[in-house]
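The sequence and the structure are shown first.

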Amino acid sequence: MRNTSILFCILLVLISCKINNSNEILVTNNESLQKALKNTVAGDIIVLKNGVWTDVEIKFTGEGTKENPISLKAETAGKVFIEGVSSLEMSGNYLNVSGLFFRNGHSPKKNVIAFRTSEKQVANHSKVTNCVILDFNNLERDQDNLWVQLYGKHNEFSNCYLAGKTNGGPTLRVDLKGNQSIRNYHKIINNHFGPRPRKGGARGETIQLGSSFTSMSPSNTLIANNLFEECNGEVEIISSKTNFNIIKNNVFYKSEGSVVTRHGNYVSIDGNYFIGDGKNENYGGIRIINTGHWVTNNLFYKIKGKNFRSPIAIMNGIPKSPLNRYNQVTDVVVAYNTFVDSDSPFQFGVGQNLAQKDVLPKSEIRSARALRTEVVNNVIYNSKGDENPIIEHDKADGVTFNSNIIDNNGVDFKEKDWLISKDLTLTDICSDISVPVSGFSDVAPYNGFDFENITEDLLGNSRGKSNQIGALATSQNIKLNVLDKSKYGADWYSNVFEAKEPKTISVGINDNLQAKIDEAENGDIIDLGFGLFEINKPLVIKKSITITSSGDGKAHIIYNGEKETPLFSLQPYGKLKIEKVILKGNNTNYLFATLKKNMSNHFGLKVNYCEISNFNYVLRVYKQAFSEEIIFKGSSITNCENGLELSEETNDRGDYNTEYLTIDGCIFTNVKQNVIDYYRGGYDESTIGGNLLVTNSTFTNSGASEKNKRLFNHNGIHNVNINNNIFKNNKVKFVSILWGAKNNIESNNTLINSGILKTEENLKQTLMY
């Protein structure tokens, strides 16, 4: 018995050893971790040994104190890799987690990190800091989850880097279900929210504060000093759905969306930077719904977003709106903001949809205009004049305008009663950022009710002694570096990598082409020369590569693979560019296809100057697969049963298979059906995508097997442009039925014995909710 006890004690020492006789407990495997977690006391520090931890579900509970929290940390920050099917849950008081790197896996639960372990057991006064979650996606795009979900009160998520979420669900959400999570005063600070790729539908927010059904609850959450870089998941980057939140001093850089007061009231959006590139019309600003918000001291720089993504979009509401729709804007203040080269900064009545009253229920008609709203003390500078600095989608008759100025570079505009013209000059305040900071001292700031509470400007300078309009109250020696990525996120991780020169890998006719593809690294070029290749099984693409022919001729690939298998299997991370290649099938197989399931990350496809023939499908994209961009340019497609099939997202939740589908300078001949089949279903404003461009192309003797007698099917796609094409001898009734209300247009097309191009202003859609 005595020997057994000794062995047991030795085992405990080996498994969980105190470090330097302190409260640090080093754990080396999952078993020792679980034992350590069961016996925590205030002041303990559980240290995970450096290395890969696979399939580990961490349930971190305990009762620390303010002076002696319980900590769970990496032995070396960034050297503990959480992989496989893994997650972290925590509940109790004063718990701290730091230094973990989640990668190469996914969570078995609804969260990767959750500030609770059960419905009633939540974390309070707890912190997750200096961690990274990268590409930790569920296997299917429709398997929604959250990477971080905050419950409880007074918790902090700070100095973390999160990037690459492709499946549905916000990256981070504050949940208010239960009294234990209301008035939470959480802090989301100093994080770097890195690129979130386009999702192809709704449910892709970066941060969501509450939900429609907790929108009457106070949250008091602070989102401050974060960098949002290329957060493109959907039209809402931050979706505030609760009350009394503060969104302050954040940088939104090249992000295709907006900060949105979607539900809930009394949000403060103060001192933020919205930075675009002056070109991309998807980079947005702030969209306002509901009551009592204050939008102050923000800088909008080269923001070109339109309508829902405009710099300031003030929406129409639905009279007597239910909780999950759009409430009327009332009692909002938009003051002391500066706009530089940002198109139509103020847009009112956004979302007004009276024209759709015949295809929507009455409960969906947004006719309630903004009331008791003040737009004052703002500065607009346009190096190229804007004929419409203010757009009224519906009348702005409930809005007060005062002390707003504009330098419109001499271009006339109609809103002269609302904007005062001035000649201004720009001052450099940051690398590549210049703003007007003087030249309007003779315009007295409007002083409205409670304006004495706007005590600071964009930089935190006092407005008390020398106040002026615009985001900056001073013109003295302003030198910023808001895009210095080292100021945000985990101190051990950077998403800045040196560009690698691609190498060219030559392939001979006797070489194994798949082996050469496997040998290549991201960005490399596979050169087929002028060879003839006979391939009998799919070539797997799961990296970014180019396949091309050198010289003036074209390589030739004949695919003899089995029925319904693809020559190129486009798998997660597989982004293929193929050019100057002749591609021929056996009439039963496919040219390009995604996996039927487990497309956990995006694919991509560009086909340039290829000759394609004798395939059953040229492209088949299965449900839950997504590509940000698919391009066919200068290519011919001949004698194929099916063309481009992207129509399996039939859940009518606003999802679709690619953001941009482009056909440019191509020739389609004898493609029997699904020439272009591209579908997005469901009516909802959060989905404003699907983009189809068909230009400079010729379609002949195609569509003969289409049951609905349409050459192109693009139901529900919001942006369609069909121009400068020739349609000849296509046995269809319609080339296309366009949706006029959703930016579907056609021009300069020639139709010969090919039916008609028809535009319907409003198409009926299935409601998503």
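The points below take up the domains, the cores, the pockets, the cavities and one cysteine of this predicted model.

1. Domain layout. The chain is divided into three parts: domain 1 (43–487), domain 2 (497–619) and domain 3 (647–769). Between the C-alpha centres of domain 1 and domain 2 the distance is 41 Å. In the contact between these two domains, 9 residues come from domain 1 and 7 residues from domain 2.

2. Nonpolar cores. The largest nonpolar core comprises 79 residues. Within this core, the residues with the most contacts are Leu33, Leu48, Phe60, Val148 and Ile312. A further core, of 65 residues, lies apart from it and includes Leu528, Val618, Leu738 and Leu757.

3. Surroundings of Leu48. Once neighbours within four places in sequence are set aside, which residues does Leu48 contact? The partners are Val27, Leu33, Trp53, Leu72, Lys73, Ala74, Glu75, Val80, Ile82 and Leu100. One of them, Leu33, is also listed with Leu48 among the residues with the most contacts inside the largest nonpolar core.

4. The largest pocket. By class, the lining residues of the largest pocket are 12 nonpolar, 23 polar and 13 charged. At least two lining residues are supplied by each of strand E36 (346–350), strand E60 (658–664), strand E62 (691–695) and strand E65 (719–723).

5. The lining of the second largest pocket divides into 8 nonpolar, 14 polar and 16 charged residues. Because domain 1 (43–487) and domain 3 (647–769) both contribute to this lining, the second largest pocket lies between them.

6. A search of the whole structure returns 3 cavities of 30 Å³ or more. The largest cavity holds about 50 Å³ of space. Its lining is made up of Arg141, Thr166, Asn167, Met599, Ser600, Asn601, His602, Gln624, Ala625 and Phe626. By class, 3 of these residues are nonpolar, 6 polar and 1 charged. Domain 1 (43–487) and domain 2 (497–619) each provide at least three residues of the lining of the largest cavity.

7. Cys131. This residue is found in the loop between strand E13 (127–129) and strand E14 (132–134). Is Cys131 buried or exposed? Its relative accessibility is 2%, so Cys131 counts as buried, the cut-off being under 20%. Leaving out residues up to four places away in sequence, Cys131 touches Val97, Ser98, Gly99, Leu100, Asn159, Cys160, Tyr161, Ala490 and Trp492. Cys131 and Ile46 are 85 residues apart along the chain, and 16 Å separates their C-alpha atoms.

Notes. Residues numbered from 1 in each chain as written. Predicted model: local features only at pLDDT ≥ 70, side-chain atom pairs only at ≥ 80, totals over all residues. Heavy atoms only, no water. Core = buried A, V, L, I, M, F, W, Y, C linked by side-chain atoms within 4.5 Å. Buried < 20%, exposed > 50% of the residue type's maximum accessible area, 1.4 Å probe, protein only. Contact = heavy atoms within 4.5 Å. Helix = DSSP H or I, 4+ residues; strand = E, 2+ residues; numbered from the N terminus. Nonpolar A, V, L, I, M, F, W, Y, C, P; charged D, E, K, R; others polar. Domains from an automatic or database assignment. 1 Å grid on protein atoms, 1.4 Å probe; cavity = no way out; pocket = protein on both sides within 12 Å on 5 of 7 lines; lining within 4 Å. Points joined across faces, edges and corners; volume = space filled by probe spheres on them.
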